[in-house]
Amino acid sequence: MDSEIKEDISVHEEFILCCGVETQVLKCGPWTALVNDQTANRPKLLIFIITDPNAQEIKDVYGLSGQVEHKVAFLRTHVPKEMKLVLVCHSIGAYIALQVLKRAPELPIIRSFMLFPTIERMAESPNGRIATPLLCWLRYVFYVPGYLLLKPCPARIKSWLIRLALQVMNVQSEISLLNVLEPFCLVNVAYLGSQEMMEVVKRDDETIKEHLSKLTFYYGTIDPWCPKEYYEDIKKHFPKGDIRLCEKKIPHAFVFRFHQEMADMVAGWLKDDLSKIEKVTQGNKD
């Protein structure tokens, strides 16, 4: 896992039906259906990444609570029960991870990394004060123009716009991002964002306290979604917790320019945990 070692790891995309909706799943590595794989080569650990998003059917699956239930349903249905889980969460994904820990305590989650976590007072943050009126009250104004402009737009033009944006940001993508400019997708993103502003208010200290030993929080110094005072407050409340402050001025949206640096950092944090799992596995074999 050293940053100097470059490996060609296959990345493939598939769509499954989860909670009554078509769900995009990106997989890194050679494995496909882990539930059906009973070979000795099956991995003992799964790293599940919960990004800033998108069984039985779930009411309001595109809402914040529905997104939590969606992740729980996926893990219960598509991941073997005995497989250890590591959650890597960014932004609202950290809130979702805490809710997963709270609602599904039977899941074997051994570690959870909360990167630039938006787990409290979102509407009060510098960005939240701007986003709240746009997402909660004014988003309806943009629905009709969005449909009129994007719906008839040819896929070739959308693809060109996305490629241009990725080139400007110097970002490479191995999967199609065409759905980003679909009106239905944008409407759901705005709807979810509005719920985040209204519902992510009070930090869930009870869940954090219960699972503190498996949590790592990483806050930014220039993050307008979770400012430094949020870090200072949670650090004061949980002095024994693994709560870190970025000293490299990495922005909240690190995926655009600092994805490799963050990946190397999280990999370094995880090394000790992987070594412990390997020792336990070897001990069980003996």
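Predicted model: local features only at pLDDT ≥ 70, side-chain atom pairs only at ≥ 80, totals over all residues.
Residues are numbered from 1 along each chain as its sequence is written. Local features need pLDDT of at least 70 and side-chain atom pairs pLDDT 80 or more, while totals for chains, interfaces and linings use all residues, and side-chain values use heavy atoms, without hydrogens and water.

**Exercise 1. Overall counts**

Task: State how many helices and strands the protein holds, and what share of its residues is buried.

Solution. 
- Step 1. Take the secondary structure from DSSP runs: helices are H or I over at least four residues, strands are E over at least two, and numbering starts at the N terminus.
- Step 2. The protein has nine helices and seven strands.
- Step 3. Apply the burial cut-offs: buried is under 20% relative accessible area, exposed is over 50%, and partly exposed lies in between (1.4 Å probe, protein chains only).
- Step 4. Of the 286 residues, 44% count as buried.
- Step 5. The protein exposes about 16,900 Å², and carbon and sulfur atoms supply 57% of that area. Areas come from the Shrake-Rupley method with a 1.4 Å probe; for residues, only the protein chains shown count as cover.

**Exercise 2. Strands β4 to β7**

Task: Trace the pairing of β5 with β4 and β6, then that of β6 with β7.

Solution. 
- Step 1. Strands pair if DSSP finds at least two bridges between them.
- Step 2. β4 (residues 84-90) and β5 are parallel, with six bridges. L85 faces I109 of β5.
- Step 3. Between these strands the chain passes through helix α2 (residues 92-103), and the β-α-β crossover is right-handed. Right-handed means that, with the strands pointing away from the viewer, the path from the first strand over the helix to the second runs clockwise.
- Step 4. β5 and β6 (residues 215-219) are also parallel, joined by four bridges. S112 has L215 of β6 as its bridge partner.
- Step 5. β6 pairs with β7 (residues 242-245) in the parallel sense, over four bridges. F217 stands opposite I243.
- Step 6. β6, helix α8 (residues 228-237) and β7 form a right-handed β-α-β unit.

**Exercise 3. Positive phi**

Task: Locate S91 and R121, and say whether each is buried or partly exposed.

Solution. 
- Step 1. Recall that most residues other than glycine have a negative phi.
- Step 2. S91 has a positive phi of about 60°. S91 lies in the loop between β4 and α2. At 4% relative accessible area, S91 is buried.
- Step 3. R121 has a positive phi near 40°. R121 lies in the loop between β5 and α3. At 22%, R121 is partly exposed.

**Exercise 4. A nonpolar patch**

Task: Which residues form the nonpolar patch on the surface, and which helices supply them?

Solution. 
- Step 1. Patch residues have over 30% relative accessible area and no salt bridge; like charges are joined within 9 Å, and nonpolar side chains (Val, Leu, Ile, Met, Phe, Trp, Tyr) within 5 Å. A salt bridge is a side-chain nitrogen of Lys or Arg within 4 Å of a carboxyl oxygen of Asp or Glu.
- Step 2. The patch consists of I130, L134, W137, L138, V141 and F142, with about 650 Å² of accessible area together.
- Step 3. α3 (126-136) and α4 (139-150) each supply at least two of its residues.
- Step 4. V141 lies in α4. With a relative accessible area of 53%, V141 is exposed.
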